[in-house]
Amino acid sequence: MATHTAGSAADDLSKLQIDDWASSAAPNLRNNLSLLSSEQVELAKMLLEMNQGHLFQHWPEAGVEDDDKRAFFDQIARLNASYPGGLASYIKTARELLADSKAGKNPYEGFTPSVPSGEVLTFGEDNFVQFEDAGIREARKAAFVLVAGGLGERLGYNGIKVALPLESTTGTCFLQHYIESILALQESSFRLAQGEGPTEIPLAIMTSDDTYLRTKELLEKNAYFGMKPSQIKLLKQEKVACLDDNDARLAVDPHNKYTIQTKPHGHGDVHSLLYSTGLLKEWHDGGRRWVLFFQDTNGLLFKAIPASLGVSAIKEYHVNSLAVPRKAKEAIGGITKLTHQDGRTMVINVEYNQLDPLLRATGHADGDVNCETGFSPFPGNINQLIFEIGPYLEELSKTGGSIKEFVNPKYKDSTKTAFKSSTRLECMMQDYPKTLPPSARVGFTVMDAWLAYAPVKNNPEDAAKVPKGNPYHSATSGEMAIYRANSLILRKVGVKVDEPVQQVFNGQEVDVWPRIVWKPKWGLTYSDIKSKVGGNCSITGKSTIVLKGKSINLENLALDGALVVDAVDGAEVKVGGSVHNAGWIIENVDFKDASVPEEVRIRGFKINKIEQVEKTYKEPGNYSN
């Protein structure tokens, strides 16, 4: 490591204009300057200029714990490099936001809310089908970004969330499902495009220190689930410094005086990472037009992607937020148009606990209420976003990818002078439109929640406390939502599917539909699925059907039991007739039974595969049953 002479470093330090309290720390730093490189001296200057002298108050003289001191500056360098504008900018922003928080400033002061314009789609209707077709054509010009920085601890699962099985029937994990969905989109789009444009759809995955290695291992262990390794780019977000007080003094780790406490900054970091790594420019220069952001445990999302992308293309939206109908005051943010007194406008997500008071404060006496549709006119944000890359890159070139931040300190008392514990700045990826000019075309696409939204984020104990009628958002409800969506889709294309039965798992009452599962390549769109179902097909409530193949056609199938059909590409298979067997049975599992794997326990059930018919086709050809 390059060193800096004590004399010249001291000269540098003497030039600083530092106030009295900071200068009391300077002697300790001054005694250690010979250890530091010129770059580290510059970081020390910055810290003193930003009134962070307390960081050096307990430093011993040179020769004692020198490696720890260098490690301290290594961490400072990382924190400085990973934040747009550096650590000084972070501290300055923190002071402003902490002052606003202490003063109780309303972030929406001067804004009036209204319902923005967007597209409301119903599965299977003509305009839905048209948008799906347009979206499939556009997909070859898209790139996907999965935000996957979290572990499953909140779910009662100690692995990374994307490794969690989407459903128990096949055991397919979320990451496998996402990759297979992108590959199915890729194949369908390129077939329609007849060779025009890029030939692969890239996937970027934003990880964290907690998830990076485990995500990499999951991909490598499973041969990237069929995707070329070159198509996948792992990004890693860094944490940000914690703050001890309203003056934004950096918080020192109580167990190590040479370490700054850090916490996650939030998924808004995805924008700065795409920009700083050059990945966004690479996509743009490669002829891509769209970037689609999605989160880690919504197993229904790709059923909504084709039509939503079609909306972006046809409506020419710069930003398109996927949304679902929301009940008034439901605990999900609302997509809202805000108009300021000075004429500024923006279309953004407003959190549910801010939307109702904002409406009341601007002349809507009843606040957030349901309209004639039975839902709030402000659609529910599900944090799945589609951006047009050109305008997005242009905007990030101005901002460096920095997103409007917020701070949420937990104060010790009403004086708001001290925190219960350290806090930090946070940012959310859906707040990107806050910096856009009024000319930006920002809209939304609403689809029914049964088709588009079933996140897995609550553990069984928390889910069991959810008031009846509200979504559990657990592993139990997430899996049942897959079966429900697939059952309703097959009903829509003419299959007779039995009504669900109600059962209780882990204290959650859920509708149990037939266990209907297919690989994305079998049915990506309504038109795909409709073309593969003919005659009079029926599926009883106890049944399970698994379709693993692109060209499997159901013709006059009467299923009462379990049926698994697995066909290689090039095998054209017609499945029909009566299939009757004991099937696969759902059995209750006790959440507290430690002998059962976590991923099973958090659902409250397991599948006992008693009897099934399996049809496997390993060679291309035409087959009829």
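Which residue in β26 is the bridge partner of T544? That partner is A562. The structure is a predicted model, in which local features need pLDDT of at least 70, side-chain atom pairs count only at pLDDT 80 or more, and totals for chains, interfaces and linings use all residues. Residues are numbered from 1 along each chain as its sequence is written, and side-chain values use heavy atoms, with hydrogens and water left out.

**Overall fold**
- The protein chain contains 19 helices and 31 strands, taken as DSSP runs (H or I, at least four residues, for helices; E, at least two, for strands) numbered from the N terminus.
- Its radius of gyration is 27 Å, close to the 25 Å given by the globule rule for 625 residues, so the chain is as compact as a globular protein of that length. The radius is taken over C-alpha atoms, and the rule is 2.2 Å times the number of residues to the power 0.38.
- The C-alpha trace spans about 90 × 55 × 55 Å along its principal axes.

**Burial**
- Of the 625 residues in the protein chain, 54% are buried, meaning under 20% relative accessible area (1.4 Å probe, protein chains only).

**Strand β26 and its partners**
- Strand β26 (residues 562-567) is largely enclosed by the rest of the structure, because five of its six residues are buried.
- Strand β24 (residues 544-548) pairs with β26 in the parallel sense over five bridges; pairing requires that DSSP finds at least two bridges between two strands.
- Strand β30 (residues 613-617) also runs parallel to β26, joined by five bridges.
- In β30, K615 is the bridge partner of V565.

Conventions. Buried < 20%, exposed > 50% of the residue type's maximum accessible area, 1.4 Å probe, protein only.
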